Amino acid sequence: MMWNWLVSALGSNAAIVLYDGNPFTPDGNVLFGIAEATGITHMGVSAKYIDALRTTGIRPQTAHDLQSVRVVLSTGSPLSPESFDFVYRDVKPDLHLASISGGTDILSCFVGGSPVDPVYRGEIQVSGLGMAVDVFDTEGLSLRGQPGELVCTASFPSMPVGFWNDPDGSRYRASYFERFPGIWCHGDWIERTVHNGFIIHGRSDAVLNPGGVRIGTAEIYRCVEQIDDVVEAICVGQEREGDVRVILFVRLKEGVMLNAGLRRRIVDDLRSTYSPRHVPAVILQVNDIPRTRSGKLTELAVRNVIHGLPVSNQEALANPEALAEFENRPELAS
């Protein structure tokens with residue numbers, strides 16, 4: 001997807017700058033050093049990168065002249081409210097922070113930034129031009145102020161015309177149009193706010209459903225990753241006795257172990273911030289969390305592993321070896 005975006009940027013007489021490598025080698029300032037040296041105006045990064053900068057205490061504006069930077073675009077996963085605070089406090093106070101979300105399949109964004117509208121903490125500003133975005137409940141009724149399915153109720157300029165090797169279009173229709181006939185259902189769990197902006201709570205197929213209550217995984221990550229000792233987390237649902245229980249895996253700072261005190265802190269924070277339904281039934285420590293080459297957490301892969309199911313498309317993972325840590329955990333058998 002980004003290859004196409006970059007090529008189209010060349011068509012507007014813009015120059016593009018690419019960085020290949022670990023953005024934290026030797027430290028988290030390398031991308032900002034490039035921005036300063038080359039005069040970058042629009043800087044595209046991942047939400048996980050911004051969050052990692054925040055949690056490691058890096059303050060780019062104290063080390064770099066970022067006068068040229070006008071826009072920071074964030075994608076890959078939901079951008080937390082705390083990351084909005086970090087960008088405006090520690091990167092630059094007078095830039096446009098645009099959290100955006102779309103997909104490779106549409107080569108575009110359903111929701112994204114607007115240079116003429118306010119930025120609200122934790123929210124994506126607007127739906128994209130030409131995108132009839134709505135939020136549906138299970139009955140196909142429009143929602144506001146509560147999460148539901150991201151849908152597009154009309155055709156849009158970058159809608160794909162079909163799949164390869166799908167001559168009758170059945171696979172294509174099953175992928176996007178079966179849930180709500182004739183309406184594109186993208187598979188994101190999203191909420192429309194009072195500002196007419198949007199908050200993405202995760203993928204619909206990764207939404208947790210304990211006791212029939214649907215919970216977006218982004219809510220759990222947002223709370224748990226505020227705890228100082230937690231580097232990152234991944235949360236999945238485990239089918240058990242006709243229900244689903246929430247399993248939380250955490251990667252902690254080097255040298256930190258998951259003890260009773262830290263486990264209690266996680267439980268208390270989730271209960272007080274959200275609800276008892278958000279409290280995991282099991283909390284386990286891992287050394288690494290599998291992610292795609294673009295940095296996205298692979299919740300479905302972890303869910304398959306803990307259920308003893310095969311994981312397809314492992315070649316898309318940046319660290320497939322991390323899946324081994326989730327296999328045959330005795331704590332999940334009881």
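**Entry 1: the second largest cavity**

How does the lining of the second largest cavity divide by class into nonpolar, polar and charged residues? I looked this up in a predicted model. I found four nonpolar, one polar and two charged residues. The lining consists of A206, C235, V236, G237, E299, L300 and R303. I then checked which elements these come from. Strand β11 (230-240) and helix α9 (299-306) each give at least two residues to this lining. The volume of the second largest cavity is about 30 Å³.

**Entry 2: the largest cavity**

I counted two cavities of 30 Å³ or more. The largest has a volume of about 60 Å³. Its lining is made of F32, M43, V45, Y49, I50, L53, V72, F86, V87 and V91. Two or more of the lining residues come from each of β1 (42-46), α3 and α5. I sorted the lining by class as well. It has ten nonpolar residues, no polar ones and no charged ones.

**Entry 3: helix α5**

Which residues of α5 are buried? I noted P81, S83, F84, F86, V87, D90 and V91. Among them, F86, V87 and V91 also line the largest cavity. I asked next what the buried residues pack against. Their partners are α2 (30-38), α3 (47-56), α4 (60-63), β3 and α7 (217-224). An α-helix has 3.6 residues a turn, so residues three or four places apart point the same way.

**Entry 4: salt bridges**

How many salt bridges does the count come to? I got 16.

First I took D85 and R121. Their side chains form a salt bridge, with N to O at 2.9 Å. D85 sits in helix α5 (residues 81-91), and R121 sits in the loop between β5 and β6. The two are 36 residues apart, so I noted a link between distant parts of the chain. D85 is partly exposed, at 29% relative accessibility. R121 is also partly exposed, at 48%.

Next I took R192 and D134. The closest N and O atoms of this salt bridge are 3.7 Å apart. R192 belongs to strand β9 (residues 184-192), D134 to strand β7 (residues 133-136). This pair too links distant parts of the chain, 58 residues apart. Are these residues buried or exposed? R192 is buried, at 10% relative accessibility. D134 is buried as well, at 14%.

Then I took D188 and R203. Their side chains meet in a salt bridge of 3.1 Å, N to O. D188 is in strand β9 and R203 in strand β10 (residues 198-203), so this pair ties together parts 15 residues apart in sequence. D188 has a relative accessible area of 6% and is buried. R203 has 34% and is partly exposed.

**Entry 5: the second largest pocket**

I turned from cavities to a pocket. The second largest pocket holds about 330 Å³ of space. It is lined by 17 residues, and I100, C109, G112, G113 and G128 are the closest to its centre. At least two lining residues come from each of β2 (71-75), β3 (96-99), β5 (108-112) and β6 (126-127). Which element gives the largest share? I found that β5 does, with four residues. By class, I noted ten nonpolar residues, seven polar and no charged.

Notes: Residues are numbered from 1 along each chain as its sequence is written. This is a predicted model: local features need pLDDT of at least 70, side-chain atom pairs count only at pLDDT 80 or more; totals for chains, interfaces and linings use all residues. Side-chain values use heavy atoms; hydrogens and water are left out. On a 1 Å grid over the protein atoms alone, a cavity is a set of points where a 1.4 Å probe fits but cannot get out, and a pocket is an open set with protein on both sides within 12 Å along at least five of seven lines; lining residues have an atom within 4 Å of a point. Grid points are joined across faces, edges and corners, and a volume is the space filled by probe spheres set on the points. Ala, Val, Leu, Ile, Met, Phe, Trp, Tyr, Cys and Pro count as nonpolar, Asp, Glu, Lys and Arg as charged, and the others, Gly among them, as polar. A salt bridge is a side-chain nitrogen of Lys or Arg within 4 Å of a carboxyl oxygen of Asp or Glu. Buried means under 20% relative accessible area, exposed over 50%, partly exposed in between (1.4 Å probe, protein chains only). Contact means heavy atoms within 4.5 Å.
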